[in-house]
Amino acid sequence: GPTASLKTLEIMNRIKSWEINSKKGDEVRRIWEELAKKNSLEINIGGIRPIPFFSMPYKNFLKYKTLISQEMLKNGFLASNLIFTCIEHNKDVLDSYKENLDKVFKIISDCENDLEIDNLLEGPVCHSGFKRLN
């Protein structure tokens, strides 16, 4: 364990992984802003550069967050309104992420214009925060 940790830190220092991941986080932020604008959605983006998150000021946001996870999983992405960037998030991955998320943002936009979100969810709505669930 300690040897692997030291080697990992050596590689991280050599490639400056924090700089790479910060730039990738900036790119994800641009993707979210672009897709929100394209789909006429309000979006609030926060977080540190390599770990950005977003929220939307809509009463159904938790349902939308659930929909994002549901639909993105169908396309091979474990996604939500938060991302932990890593050096493996290359251009192809981010382009595919953007293409698939655009479809989900379009559905969210449609839901804000009278499409019924409850008919689209295939499971329970996600919880907010870390409060006790029982």
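The structure is a predicted model, in which local features need pLDDT of at least 70 and side-chain atom pairs count only at pLDDT 80 or more, while totals for chains, interfaces and linings use all residues. Residues are numbered from 1 along each chain as its sequence is written, and side-chain values use heavy atoms, with hydrogens and water left out. The protein contains four helices and two strands, where helices (H or I, at least four residues) and strands (E, at least two) are DSSP runs numbered from the N terminus.

**Overall fold**

- Read from the N terminus, the order of the elements is α-α-β-β-α-α, and the C-alpha trace spans about 55 × 40 × 25 Å along its principal axes.
- Strand β1 (residues 44-48) pairs with strand β2 (residues 51-55) in the antiparallel sense over five bridges, pairing being assigned if DSSP finds at least two bridges between two strands.
- The two strands β1 and β2 make a hairpin with two residues between them, and I48 has I51 in β2 as its bridge partner.
- Of the contacts between residues at least 6 apart in sequence, 65% join residues at least 24 apart, a contact being defined as heavy atoms within 4.5 Å.

**Nonpolar core**

- The largest nonpolar core holds 27 residues, and those with the most contacts inside it are W32, L101, F105 and I108; such a core is a set of buried Ala, Val, Leu, Ile, Met, Phe, Trp, Tyr and Cys residues joined through side-chain atoms within 4.5 Å.
- Two or more residues of this core come from each of the elements α2 (17-38), α3 (61-73) and α4 (91-111), and the largest share, seven residues, is that of α4.
- When residues up to four places away in sequence are not counted, I108 touches L41, M56, Y64, L67 and I68.

**Burial, surface and charge**

- Of the 134 residues of the protein, 35% count as buried, where buried means under 20% relative accessible area, exposed over 50%, and partly exposed in between (1.4 Å probe, protein chains only).
- The accessible surface comes to about 8,700 Å², with 55% of it belonging to carbon and sulfur atoms; the areas come from the Shrake-Rupley method with a 1.4 Å probe, and for residues only the protein chains shown count as cover.
- There are 20 positive and 19 negative side chains, and the centres of these two sets lie 6 Å apart, with Lys and Arg counted as positive, Asp and Glu as negative, and His and the chain ends not counted. Each charge is placed at NZ of Lys, CZ of Arg, CG of Asp or CD of Glu.

**Individual residues**

- D102 lies in helix α4 and counts as buried because its relative accessible area is 16%; leaving aside neighbours within four places in sequence, D102 is in contact with L35, K38 and N39.
- K16, in the loop between α1 (2-15) and α2, has a positive phi of about 55 degrees although it is not a glycine, and K16 counts as partly exposed at 36% relative accessibility.
- S40, in the loop between α2 and β1, is likewise a residue other than glycine with a positive phi, near 55 degrees, and S40 is exposed, with a relative accessible area of 64%.
- H127 is placed in the segment after α4 and is partly exposed at 47% relative accessibility; the C-alpha atoms of H127 and K38, 89 residues apart along the chain, are separated by 28 Å.
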